[in-house]
Amino acid sequence: MAFGLLRRWRSAGTSGAAPVLSVPLPDGAGAFACEVVDPTGQPMGGAEVTVTALGNHRTAAQGTTDPYGFFTATLPPGSYSVRMMADGLTPARETVEIAAGAALPPTRVMLHPAPQQELPPPGTWLFDPPHTAIRFIAKHVGMAHVHGRFTNFDGAIRVAPTMADSQVSVRIEAASITTGNKTRDNHLRSADFLDVERYPYIDFVSSRFVYQGGSKWTLHGTLTMHGTSRSVGLDTTYLGTVNGGYDQELRCAALAKTELHREDFTLNWRSMLARGIAVVGPTVQLELDVQAMYHTHDTPTPPE
């Protein structure tokens, strides 16, 4: 279904009047609008909204809220279920009746924090390399994306009784970078980029965990690469804990993502462009897909 344009104004000469919805309606159609706010009552831009027809269970409209938290759609007459959701918050659902030629006033919906998952027991958790991946996606200047990963690394999660006090440390061998192209990999290891002979390691050390609701956390810390240290925040999803593996050891898993700007780490590319060398773009998407084992004196050593 086509989306209408949501417009809000205050009535002329009336201070504090309620917003008025004005939507161009096709013949025989009606309109629905909602305002999504966070637990503090602030507008939530980017919240996902899905409108499903109750009669046939088909998706009639889908999109995200605007920067003011509003979403609107024009729809045929009928009954609909509207689902609103955002990371770290409990989804909300409303049922609406759409009538031909009518635009419903915006419904205000507050999303509440999702229940927190049970966290892993306090102690030391070591990365399990065969079941952990450190990946990145960069973009060639004017070309397609380049996918790569680092194959040699060590990491540990030290879970404190209070999760906010927990710590994560990761050490990556810079020379283990691989993108599936030997010439490109050698160039990335050279002094033009990572300069692995001078800077053999990429290190991350966390400073604090910040809870975002549900299974979502932000992991703040310092990333040191190419001799330069910068503060970064990793958007982290905790995936849970399970008994399983080689000797039914206790494991936990998480997925962490962030965007890096290469120039922040003095990985200059302008001089190479001037020499006509095709290089990756200025930003890199970094992803850590981690599985870690609870470490005790009899924790088995994962195979190579």
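Trainee: What share of the contacts with a separation of 6 or more is between residues 24 or more positions apart?

Mentor: It's 59% in the protein chain, where contact means heavy atoms within 4.5 Å. Keep in mind that this is a predicted model, where local features need pLDDT of at least 70, side-chain atom pairs count only at pLDDT 80 or more, and totals for chains, interfaces and linings use all residues. Residues are numbered from 1 along each chain as its sequence is written, and side-chain values use heavy atoms, with hydrogens and water left out.

Trainee: How many helices and strands are there?

Mentor: The chain has 2 helices and 20 strands, taken as DSSP runs (H or I, at least four residues, for helices; E, at least two, for strands) and numbered from the N terminus.

Trainee: And how much of the chain is buried?

Mentor: Of its 304 residues, 41% are buried, meaning under 20% relative accessible area with a 1.4 Å probe, protein chains only.

Trainee: Switching to Asp-195, where does that residue lie?

Mentor: Asp-195 is in the loop between helix 1 (182-189) and strand 16 (201-213).

Trainee: Buried or exposed, and why?

Mentor: Asp-195 counts as buried because its relative accessibility is 10%.

Trainee: Which residues does Asp-195 touch, beyond its neighbours within four places in sequence?

Mentor: Asp-195 is in contact with Leu-188, Arg-189, Ser-190 and His-226. His-226 is 31 residues away along the chain, with 6.9 Å between the two C-alpha atoms.

Terms used:
Buried means under 20% relative accessible area, exposed over 50%, partly exposed in between (1.4 Å probe, protein chains only).
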